[in-house]
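Hello,

Here is the structure I promised to pass on. My notes follow below it.

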Amino acid sequence: MSKKFILICIFFLGVLVSSCNQTNRKNGNPGDAANSVEQKDTAITQTANTAAQIFAKQQVPVLCYHRISDGDKGDYTVSPATFSGHMKVLADSGYHSVSPAQLYDYLVYNRSLPENPFVVTFDDSRVEHRTIAAPVLEKYGFRGAFFIMTITYNKKNYMTKDQIAELAKAGHTIGLHSWDHTMVTKYKEATDWQKQVVEPKKKLEGIVGKPVEYWAYPNGVYDHKGAVELSKYFKIAFSLATKRDSIQPLQSVRRIIIPECTPQGLLKSMRRSFTGK
Ligand SMILES: [Zn+2]
C-alpha cells in the first residue's frame with residue numbers, strides 16, 4: 001500500500017468524523033438529550049426525601065375554610081365578602097395557589113413551587129364551596145382542595161355528587177374527610193377503617209374519576225398510630241395547627257383555620273403560623 005493512498009484514507013476519515021461531529025452540534029445528539037432528561041428524571045423521582053428531610057423543609061401556608069355564609073357567626077364561618085377579600089389580597093400580594101400534589105412533590109422530591117405558594121382547603125363538603133368559593137378561586141386563577149365527608153352526598157346544604165365531580169373537572173383537588181366525621185383516634189377495629197376510609201375513598205374515586213390521594217383529619221385530630229395507618233392510603237393527610245409528627249411528616253401537614261378577619265389579618269396569621277415572621 002502506497003504512502004499516498006494511506007494519507008488519502010486518513011484525510012477522508014478525518015472529513016467523515018468532523019462532519020458527524022458537526023451534525024451532532026447542529027441538531028443536538030438525540031441520544032445525549034434523552035440521556036440527560038432520563039438522568040434528571042431519575043434524580044428527581046427516585047430520591048425521595050427521608051422523613052427528617054421532609055420535616056426540615058420550609059412549611060407552605062395551608063388555609064382551611066369551612067362555612068362561607070352571611071348567616072352564621074363563629075370561627076368556622078366567613079362571609080362571602082370576606083372570602084372574596086381574602087382571595088383578592090392573596091392575588092394582589094403575589095401569592096400562587098398550589099395543589100396538594102404540587103405540595104407533595106415539593107416535600108418529597110424537592111420540585112420547585114411558584115413564588116409565595118399557599119394551599120387553600122375546604123372541609124365538610126358544603127354546597128357553597130361549589131357555588132361561592134370555586135368561582136372566586138377561579139377568578140384569580142387559584143385552585144383549591146375540597147375535603148368531602150361522604151355521608152353528605154346530595155343532602156340539603158351539601159354538595160351533590162355532580163357538584164363534586166364538577167370541581168374535580170375544573171382542576172380542583174377532591175380529598176376525603178371520612179364517612180361521617182368520626183375522628184381517626186376513634187377507629188379501633190379494621191371495620192372502622194373500612195367504613196371511614198376504604199369504602200368512602202373508593203366511592204369518591206368513582207365520582208371524580210381519579211385517585212383520591214389526600215385526607216383531612218376530622219376535627220384536625222390525629223395520633224401517631226392513625227398517621228401510620230393513613231400513610232397506606234394517602235400521600236398527604238392534613239391536620240390543623242397542632243404539632244407535626246416527625247416520623248410521619250406527610251401525614252401531619254399543618255393548616256390554620258381562617259376565621260372572619262380582615263385581608264391584612266389573614267396575611268399576618270399566614271406569616272406568623274408558617275414562617276415565624
Ligand atoms: Zn370537618
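Two strands count as paired if DSSP finds at least two bridges between them. Helices (H or I, at least four residues) and strands (E, at least two) are DSSP runs, numbered from the N terminus. Please keep in mind that this is a predicted model: local features need pLDDT of at least 70, side-chain atom pairs count only at pLDDT 80 or more, and totals for chains, interfaces and linings use all residues. Residues are numbered from 1 along each chain as its sequence is written.

With that in hand, strand β6 (residues 145–148) pairs with β7 in the parallel sense, over four bridges. Phe147 sits opposite Gly175 in β7.

In strand β7 (residues 173–176), Thr173 and Gly175 point one way while Ile174 and Leu176 point the other, and all are buried (20 or more other C-beta atoms within 10 Å of a residue's own; exposed means 12 or fewer, partly exposed in between, with C-beta atoms placed from the backbone). In a regular strand the side chains alternate between the two faces of the sheet.

Now to helix α4 (residues 80–92). Its buried residues are Thr82, Phe83, His86, Met87 and Leu90. Seen down the axis of α4, these fall within an arc of 135° (taken from the directions from the helix axis to the C-beta atoms), so they line one face of the helix. On the other side of α4, Ala81 and Asp92 are exposed. Gly94, which follows α4, has a positive phi, near 80°.

Enjoy looking through it!
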